[in-house]
Amino acid sequence: MTKKTLEERLQSNTVESLLYIATMQPKTQTDAIELIYNKKNINSSPVKSARDILVREGALKYGEGISKVPLIAQVDVFLNHLKTKSDNRYSSNVVDNGLTKNDLAYLKMVLDSDYFRDIFYSRYFFENCYGVHRGSVVREDGKLAMRGGAFGYMEFALTSILLYSQFLKYSGLFNDLYINDIEEVVSKCRVSNNVVNSFLKDVNPNVYDILLEYPPLKQTMEYCKLEYEPHPYDNIKQKKGCGFENFIDKAVFSGFFLLFPPPLTEKLTLLNLSSAVSTFTGRFLPEVVGYQKEL
């Protein structure tokens, strides 16, 4: 039997996939085990083996100091996965519309930020945001399961933001607010959190105020029976059972979707990434288009 590569293992519901996703929010091995299995007293040998593989392949890093904690998942292996998909789609025989070096460096800044990690990799998100992830991550007999593996889940996480970036660009209200020069951003800043946090600070509360009065969004929230009480990104209060509203706060009302400019969104969309279209996003596009026709 041929031994699976790390790429293959991270595309399956393996212990490697679960540990990789669990440590997207830095934590000790004990805490990662508790998140995955919902208990701490288990045979930890499979987790230790998975940890060693991930560390050896550069997908996971130990923290600083003698204790080597916390464990921190690295996004580079996922970016390599995206680059492979891009290279496989485009060749020298067609117009090059694949991901560039600057695209990947910029994506690393965004996906590596604490803000992005906090949206998609918390216990809160797994357990309260079914309306967003649509079963991409579930508990089976208490244990986390990801049917598409870590990469399938991460593709979904990425596309769930891309959907809003696509939908809201049709409004024409944010043309001057999108990041429009990825190369300049990459050349000027090397720290993920600085890029994301400074951008959100600049656009909020402008985006927040615009969206509060944006009819298609208000209509869609009402149609989907969502509680229309958004908060600025730095004042979010997570409420049990209100995961979807929390996601809308963090992904949309914060202006986070503007970190994915239309040209980059188009490139990523053409890679046929995994996606989970919720009731909200499935309804939102016709609302926006209809509104545009009335302008």
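Predicted model: local features only at pLDDT ≥ 70, side-chain atom pairs only at ≥ 80, totals over all residues.
Glutamate 140 and arginine 147 pair up through their side chains in a salt bridge, with N and O 3.5 Å apart. Glutamate 140 is partly exposed, at 39% relative accessible area, while arginine 147 is exposed, at 58%.

**Salt bridges around helix H5**

- The structure holds twelve salt bridges, and one of them links lysine 108 to aspartate 76, with 3.1 Å between the closest N and O atoms.
- Because lysine 108 sits in helix H6 (residues 101–111) and aspartate 76 in helix H5 (residues 76–89), this pair ties together parts that are 32 residues apart in sequence.
- Both partners count as partly exposed: lysine 108 has a relative accessibility of 28%, and aspartate 76 has 31%.
- Aspartate 87 and lysine 83 also meet in a salt bridge, at 2.8 Å from N to O.
- These two residues are four apart in helix H5, so about one helical turn separates them.
- Aspartate 87 is partly exposed at 42% relative accessibility, and lysine 83 is partly exposed at 28%.

**The chain as a whole**

- Your protein chain has 17 helices and four strands.
- Of its 295 residues, 50% are buried.
- Taking contacts between residues at least 6 apart in sequence, 73% join residues at least 24 apart.

**Surface**

- The protein chain exposes about 14300 Å², and carbon and sulfur atoms supply 48% of that area.

Conventions:
Residues numbered from 1 in each chain as written. Heavy atoms only, no water. Buried < 20%, exposed > 50% of the residue type's maximum accessible area, 1.4 Å probe, protein only. Contact = heavy atoms within 4.5 Å. Areas by Shrake-Rupley, 256 points an atom, 1.4 Å probe, with all protein chains shown as cover. Salt bridge = Lys/Arg side-chain N within 4 Å of Asp/Glu carboxyl O.
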